[in-house]
Amino acid sequence: MRAPPLAFRHVASPQLRLESAAGSPSSTAPIELSEATDAELACELQAGAPGAARVVWLRYSPMVRRMLARALGPERDVEDSLQEVFLCLFNKAGELRNPASLRAFIVSIAIRTLRREIRRRKLRSWLRLDGNAPVEDLRAVNPDTDAREALIRFYALLDRLNSRDRSVFVLHVIEGMDVEAIASALEVSVPTIRRSLTRGRERIALLAGRDPMLVDYVSKLERGVLP
Amino acid sequence: MNPETKPDAVVERMVLLARQLGSKAADEKRERQFMATLSERVAAHRIRSARRRQFTAAAVLAAACLGSLFWFGRHVEQRLSYRISDGALGDGNIVGHENTSVAFSDGSRIKLTDGARARIGEITAHGARVDLVDGQVSVDIVKAEGNAWFVQAGPYQVHVIGTAFDVRWLKEQRRIELDLYRGSVAVTGPHIEGQLRLQPGQRLTSTPDSPSVVTRAQPLAAARSASASDIPKITAEQADAGTAEPAVADLSNPIIERHDSTAAGLTGWSRLVAQGDFERVLDAAQKRGIDNVLAAGTPAELAALADAARYGRNTQLARRALLAERKRFPGAAAARGAAFFLGGIEADGSAAALGWYETYLAESPAGPYAPQALGRRMMIVHRRQGLGASAPLAKEYLKRFAQGPYASAARKILERSAE
């Protein structure tokens, strides 16, 4: 069964009236919009209401940032991808037919952006254009160097999956999204997503079980050698 | 390393670790910059997206154009070109001098003798039509699939299938002389019913007022000094009926393809085949329905269809047409000849081919294709059963066709079997 795609309508995207006021975004959001439902917010966004874009950003950027960070790994800076997701959203807001599905709409854009980014980085990696970025994100939350190293190794294994299998694995296993939502966002059938998930799980288990550093790290954790 | 650590446990632990990602606080400075320039960024993003779409569309269009060009490059055929050496032009004709020749881009070549006049009437990707106005030309055509070369000499047309021959057209006497050295040609014209196929070593002499004569070839230059009455001759009709006592045993048996001029005959498919326009015959048969033609076509139509299919390399259709000829008109000359052609379209050296040649020889022991049929039978037997089995056939061949096309092969077989 093919998952129903998100409802889009093909209308010209309205010219958004976006404030360019300086200052913290959170401090300038209109109160009535910040309390609006997703449907109301989407309608305001489509109508080009002042402040709507900012409220959408405030409401959903943490979720999208987390999703991107978990999907792309500790060595990746996700800010550019995050901004790309929202620029795309603001441009395509007019195509959202059912305003109540704003969240799903954003998730679908995020997943598409994510897959594009994975493909782009894989290409750059093949062409050896990818430099080694600092592991700032993980360092901020986990000062343990062994853990950081293990996580880098784990994401290197994820890099060996194709973009769909990797996205599905990360979104379902790490992010906790259900397969129906992923299928809907990717506009493929639920069985396709299940197959992709099974394939990704099996491959990652195989690769992780063969990685001596990961196995050593986890066995040390199990023996209580590491905190 | 703990060997009891299971892969699933490793993955589970790493997933827990990965879930810690993304909890880093937002970079307020970058957020502020982003929001401050949002309008411009949205506009720029829109332009970028539009450009990307345009680029994709252009790329698809370019790929389609390139694909089309590539396809046309492969499928649009380029006409042959030609170059005339040491010749002069007069009244639109090439006038031959001592070393006048026309070299075609496929390697084919035509030499004009001194005083000969010819023109390139039509040129295609697969050949040309050379209109021989007067005099003699030596033709050497490179054999290739789909060849369509013709020499038009007055009312006679020579369809060339990769060959070398001399042809002389004496305009005043309205007489054609053709010496075939290699390959095969099919000649149509007055007093030639259907088309006359010549074998290497044969000469055709024909005028519109008398029967065509096929004799053993002599170089035309040498023949010039001899009068026509000096040349032993048989008529095409005699040769076909097998009643003539040929001066030269095998070579005086021309391959004659008779078509019934009273039905489709010369004005229909037979003429198209004679002109080398096999495609039109096949198209016409398709329009009428192949099954209909096979079931209800006239003998001439069946023969023409079989020939067109054979020349057009449609083996399956040729086989069906030939079998239909044999089934519907048993005992007819065309049906007997069909056995020989069926042998030719079966796999080379196969038992099926051998069977058809034996059938032909049994039905037409003195038929026009007997030298070929017996020779091919001998070769297949030699290949399949060895020297011992082929030696009696070689002996028979030399006895019947001492100068036939398989004579040298027969001699070799006998020499080896005697060792």
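Q: Where in chain A does A:Glu187 lie?
A: First, some ground rules: this is a predicted model in which local features need pLDDT of at least 70 and side-chain atom pairs count only at pLDDT 80 or more, while totals for chains, interfaces and linings use all residues. Residues are numbered from 1 along each chain as its sequence is written, and chains are lettered from A and ligands numbered from 1 in the order in which they are written. Helices (DSSP runs of H or I, at least four residues) and strands (runs of E, at least two) are numbered from the N terminus. A:Glu187 sits in the loop between helix 9 and helix 10 of chain A.

Q: What does A:Glu187 count as, going by its C-beta neighbours inside 10 Å?
A: With C-beta atoms placed from the backbone, 20 or more others within 10 Å make a residue buried, 12 or fewer make it exposed, and anything in between is partly exposed. A:Glu187 has 13 such neighbours, so it counts as partly exposed.

Q: What is the phi of A:Glu187?
A: Most residues other than glycine have a negative phi. A:Glu187 is not a glycine, but its phi is positive, at about 55 degrees.

Q: Which elements of chain A do the buried residues of helix 5 pack against?
A: Helix 5 of chain A covers residues 102-126 and reaches 36 Å from its first C-alpha to its last, close to the 36 Å expected (1.5 Å times one less than its number of residues). Its buried residues include A:Phe105, A:Ile106 and A:Ala110. In chain A they pack against helix 2, helix 3, helix 4, helix 8 and helix 9.

Q: Which helix of chain A gives the largest share of the side that touches chain B?
A: Contact here means that two C-beta atoms, placed from the backbone, lie within 7 Å. By that rule, 45 residues of chain A are in contact with 36 residues of chain B. On the side of chain A that touches chain B, 9 residues come from the top giver, helix 11 of chain A.

Q: Which residues is B:Ala18 in contact with, leaving aside its neighbours within four places in sequence?
A: B:Ala18 belongs to helix 1 of chain B. It has 23 C-beta neighbours inside 10 Å, so it counts as buried. Beyond its sequence neighbours, its contacts are A:Arg70, A:Leu151, A:Phe154 and A:Ile174.

Q: How many bridges join strand 10 and strand 11 of chain B?
A: Strands pair when DSSP finds at least two bridges between them. Strand 10 of chain B, with 5 of its 7 residues buried, pairs with strand 7 in the antiparallel sense over 6 bridges. With strand 11 of chain B, strand 10 also pairs in the antiparallel sense, and the number of bridges is 7.

Q: Which residue takes a positive phi in the hairpin of strand 10 and strand 11 of chain B?
A: This hairpin has 4 residues between the strands. The one with a positive phi, near 50 degrees, is B:Arg174.
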